[in-house]
Amino acid sequence: MATTTSAPARPERRRRLRRLTRADKIVLAVFIGVPTFLHVFLIWVPTVGSVVLSFSSWDGISPLDQLEWVASQNYEQIFTIYPDFWPAVRNNVIWLVFFLIVPTTIALLLAYLLDKNLTGTRFYQSAIFVPVVLSAALVGFIWELIYKDETGLLNNVIRSTVNSDFHRQWLAESGNLYAVLIAASWRHIGYVMILFLAGLKSVDPAQREAAALDGANEWQIFRHVIFPALAPVNVVVLVVTVIESLRAFDIVFVINKGRNGLELVSVLIYDNVVGEASRIGYGSALAVILLIITMIAVLPYLYRTFREELPQ
Amino acid sequence: MSALGSTEVDQLVHPHPPPSRPVRARRWPVVLAYVVLIGATAGVLAPILWAVYTSLRPISDTLENGYFSLPSGGLTLDNYTTAWERADLGRYFVNTMVIVLPAVFVVLLLSSFIAYAVSRFSFRFNLAVLLLFTAGNLLPQQVVITPLYLMYSKLLWLPFALSEDGYWINSQTGLVMIHIAFQMGFCTFVMSSYMKTIPGELTEAALVDGASVLRQFFSVILPLCRAPLAALATLEFTWIYNDFFWALVLMIGNPADQPITTALNSLTGTYFTNDNLVAAGSVLTALPTILVFIILQKQFVGGLTLGANKG
């Protein structure tokens, strides 16, 4: 990316604090304190709470003194006898791999083509981006209109072109996860495309021209000049894609409440919080598992992002 | 690297002119590029256009001819009026605005506060604070929901005037609070990256003139942050408007006060008994964010890349 250094060195920073009046210090304390308190209280306290409660057994309704500490029993049961767990993990993995390959590749291709500034580029770019501004829940509704057997667009197109007897419940039969993944990719492509496009804009045109003059073909230029220059964006895309895959919930919930082949870890957590049988310990243990997977992806990114600011 | 400046955001939307084309550009790749781009555009727009088309067809027409047919007897807005009246959609749009507008305003204000404090002044815990916020933004909502639900329903008290149960659960206030807390991570990250690029001399001059920290913030820094604030306002409006999960869990016992995105789920099936009405309800729900995107596209795209370009 363009490497503008963010700010001039400020050797006087340390001293500046001492020039602040008492009122200034109070203002700064409020500026930091209020948002930090709110964020910690509503995000990090519950995160730690999930870890603590994951070692307990409680229905969440009866008085708190009925809460029992059960050590690692929730985890053991989740890994061994909880029937939906492994299918959900499998689906999350499929979701992640699919998202990393399909929408990302398409988005990179589209960004690359948009970067050529052909006639109408702004229109294509805006149109392809539109699904990003829709909620994932809405994506579910819109695609149900496509996937339904009798009334849906897809089967009707197939019936009127290829096979007039064609019937398939795309969202209910096995393989429905892939039907959902196509709908979810529809939204994800635009997002990733914009990120790639921003990255491509920062590739030095002189380098491309130099490579072209040296006789490199388009693929070689992409492979050896453009793609390496996209490295910082690739990291962002990777993190965004992993997070989106782990967070996925709305679209499967709207379609069938995340059942029958659409189980995801996020849905199991929901089921254990407010589902028929509220099992706080289970829900929390599942949340911790999700947290650990998330952190594996997020921590290297955070380290990378804040590396330069770390004290030496 | 730092966040994109406004000129770079500009460039993103109005890209730099291509380098002079080599004479006789190879024609094949260009044709292929057009085919792919136009095909992708058509493919992406098709589901939306299909929903719009379905929503405009009278139910009698689709009953008789099926959905995959040309309109006989014209198109109509009847499904929209039916959907609106039957499901009382106006109510849910009001709910949405009551939740989204205060949430966006407060989240921008608080994020600017903390971004200002950590980017313009040096404290021991600056980096820790920034890390905390950035990491918090990357957590899946489901990681915090179990304890949050318990806190909301058993611990966090709220005057009955603002809530039916006397707690944050099932109240719009509680929903606004979690949006603020959760979205603050992203906004703080973007705002602090941007504020770091404002030259130190600017505020130092104000300091020499005897301006207090508060005045510096409101009359020097904030006016310079119009670009990222506009971008974030656009993005946050869309994201909070689109929230489904928080409202689903935290307003579970109070459907009447739910925002439209979540309410649509229970309205479908109850009031929207055919595809035409589902389509009309979906298009109505999509309209605000699509309009915002069309009008403020530059802000939207700029904001996304602002947030993503650090690294």
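Visitor: How many residues of domain 1 of chain B are in contact with domain 2 of chain B?
Guide: Two residues are in contact if their C-beta atoms, placed from the backbone, lie within 7 Å. By that rule, seven residues of domain 2 of chain B take part. On the side of domain 1 of chain B, the number is eight.

Visitor: What kind of model is this, and how are its parts numbered and lettered?
Guide: This is a predicted model: local features need pLDDT of at least 70, side-chain atom pairs count only at pLDDT 80 or more, and totals for chains, interfaces and linings use all residues. Residues are numbered from 1 along each chain as its sequence is written, while chains are lettered from A and ligands numbered from 1 in the order in which they are written.

Visitor: How far apart are the centres of the two domains of chain B?
Guide: Domain 1 of chain B covers 24–77, and domain 2 covers 82–308. These bounds come from an automatic or database domain assignment. Taken over C-alpha atoms, the separation of the centres is 34 Å.

Visitor: Which helix gives the largest share of the side of domain 1 of chain B that touches domain 2 of chain B?
Guide: Helices (H or I, at least four residues) and strands (E, at least two) are DSSP runs, numbered from the N terminus. Both α2 (27–56) and α3 (59–65) of chain B supply at least two residues of this side. The largest share is four residues, and its source is α2(B).

Visitor: How many residues of that side of domain 1 of chain B are charged?
Guide: Ala, Val, Leu, Ile, Met, Phe, Trp, Tyr, Cys and Pro count as nonpolar, Asp, Glu, Lys and Arg as charged, and the others, Gly among them, as polar. The side of domain 1 of chain B that touches domain 2 of chain B has four nonpolar and three polar residues. The charged count is one.

Visitor: Now the two chains. Which helix of chain A gives the most to the side that touches chain B?
Guide: The contact takes 95 residues from chain A and 96 from chain B. The side of chain A that touches chain B divides into 61 nonpolar, 20 polar and 14 charged residues. With 19 residues (helix range 22–53), the top contributor is α2 of chain A.

Visitor: Which residues have the most contacts inside the largest nonpolar core?
Guide: A nonpolar core is a set of buried Ala, Val, Leu, Ile, Met, Phe, Trp, Tyr and Cys residues joined through C-beta atoms within 7 Å. The largest one has 177 residues. Its largest share, 17 residues, comes from helix α8 (176–201) of chain A, and it draws at least three residues from each domain of chain B. The residues with the most contacts inside this core are A:F196 and A:I251.

Visitor: What share of chain B is buried?
Guide: A residue is buried if 20 or more other C-beta atoms lie within 10 Å of its own, exposed if 12 or fewer, and partly exposed in between; C-beta atoms are placed from the backbone. In chain A, buried residues make up 42% of 312. Of the 311 residues of chain B, the buried share is 50%.

Visitor: What is the radius of gyration of chain A?
Guide: The radius is taken over C-alpha atoms, and the globule rule is 2.2 Å times the number of residues to the power 0.38. A compact globule of 312 residues would come near 20 Å. The C-alpha atoms of chain A fill a box of roughly 80 × 70 × 35 Å along the principal axes. For chain A the radius is 25 Å.

Visitor: How many strands does chain A have?
Guide: Chain B has 15 helices and zero strands. Chain A has 14 helices. Its strands number two.

Visitor: Why does A:K257 count as partly exposed?
Guide: A:K257 sits in the loop between α12 (250–256) and α13 (265–274) of chain A. Its phi is near 60°, a positive value in a residue other than glycine. A:K257 is partly exposed because the number of other C-beta atoms within 10 Å is 14.

Visitor: Where in chain B does pLDDT stay under 50 with 37 contacts beyond four places in sequence?
Guide: pLDDT is the predictor's confidence in each residue, from 0 to 100. Chain B averages 85, and 90% of the residues score at least 70. The stretch with 37 contacts is residues 1–17.
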